[in-house]
Amino acid sequence: MDEGNVAKKPSGKTNEHLANERTFLAWVRTGIATISLGFVIARFNFWLREITLSSGQGADIPRTGLSLPIGLGMVAFGALMTLLATWRYRAIRDAINQDLEHPGQGLIVLTAAVVVLLALVLIIYLLATSRQF
């Protein structure tokens, strides 16, 4: 049998590099989603004001609110997450190439902490601006 026609199985390092790349792309997708959600939140007051004006209701919608700083914070966090994911991807790539232990879980802990913090800020904001409470 001709060995040139036999499909080779990927090596352990190849599989590790491919897994590292998939993980990086997942972080990038998460960063894009965070940026997108931040944009929507930042523009929420503007959208709410436009809907109120177009419906002819006389409700007083404040011009400022926390939606802009919260949204900008999420956009900035999404960008930072993408930068940190790039740094982590490169660090793990280098560790794979040098047969070293992979970097720690600091990025994951940081991301989880910031997401929980942003969620708490949004909960407080929603409760504070709700007309029902």
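Me: What should I know before I start?

Reply: Residues are numbered from 1 along each chain as its sequence is written, and side-chain values use heavy atoms, with hydrogens and water left out. As the model is predicted, local features need pLDDT of at least 70 and side-chain atom pairs count only at pLDDT 80 or more, while totals for chains, interfaces and linings use all residues.

Me: How do I read a salt bridge, and how many salt bridges are there here?

Reply: Side chains of opposite charge can pair when their charged atoms come close. The rule asks for a side-chain nitrogen of Lys or Arg within 4 Å of a carboxyl oxygen of Asp or Glu. By this rule the count is 2 salt bridges. One joins Lys-13 to Asp-99, with the closest N and O atoms 3.5 Å apart. That pair links distant parts of the chain, 86 residues apart: Lys-13 sits in helix α1 (residues 12-42), and Asp-99 in the loop between α3 (67-97) and α4 (106-129). Helices here are DSSP runs of H or I, at least four residues, numbered from the N terminus. Arg-93 and Asp-94 form a salt bridge too, with their closest N and O atoms 3.4 Å apart.

Me: What is the backbone of Asp-99 doing?

Reply: Most residues other than glycine have a negative phi. Asp-99 has a positive phi of about 55 degrees, although it is not a glycine. You will find this residue just after α3.

Me: Which residues does Pro-103 contact?

Reply: Contact means heavy atoms within 4.5 Å. Leaving aside neighbours within four places in sequence, Pro-103 is in contact with Arg-88, Ala-91, Ile-92 and Ala-95. Pro-103 lies in the loop between α3 and α4, and its relative accessibility of 24% makes it partly exposed.

Me: Where does Arg-88 lie, and what does its side chain reach?

Reply: Arg-88 lies in helix α3. It is buried yet has no salt bridge, and the nearest side chain of opposite charge, Glu-101, is 10 Å away. For charge, Lys and Arg count as positive and Asp and Glu as negative; His and the chain ends are not counted. The side chain of Arg-88 does reach the backbone oxygen of Gly-104, at 2.6 Å. Not counting residues up to four places away in sequence, Arg-88 touches Pro-103, Gly-104, Gln-105 and Leu-107.

Me: How do I check the length of a helix?

Reply: The expected span is 1.5 Å times one less than the number of residues. For α1, 31 residues should span 45 Å, and the end C-alpha atoms are 45 Å apart, so the two agree. Helix α3 has 31 residues, should span 45 Å, and its end C-alpha atoms are 45 Å apart, which agrees.

Me: Which residues of α1 and α3 are buried?

Reply: In α1 they include Phe-24, Trp-27, Val-28 and Ile-41. In α3, Met-74, Phe-77, Met-81 and Arg-88 are among them.

Key:
Helix = DSSP H or I, 4+ residues; strand = E, 2+ residues; numbered from the N terminus. Buried < 20%, exposed > 50% of the residue type's maximum accessible area, 1.4 Å probe, protein only. Polar contact = N/O pair within 3.5 Å; in protein donor to acceptor, adjacent residues only side chain to side chain.
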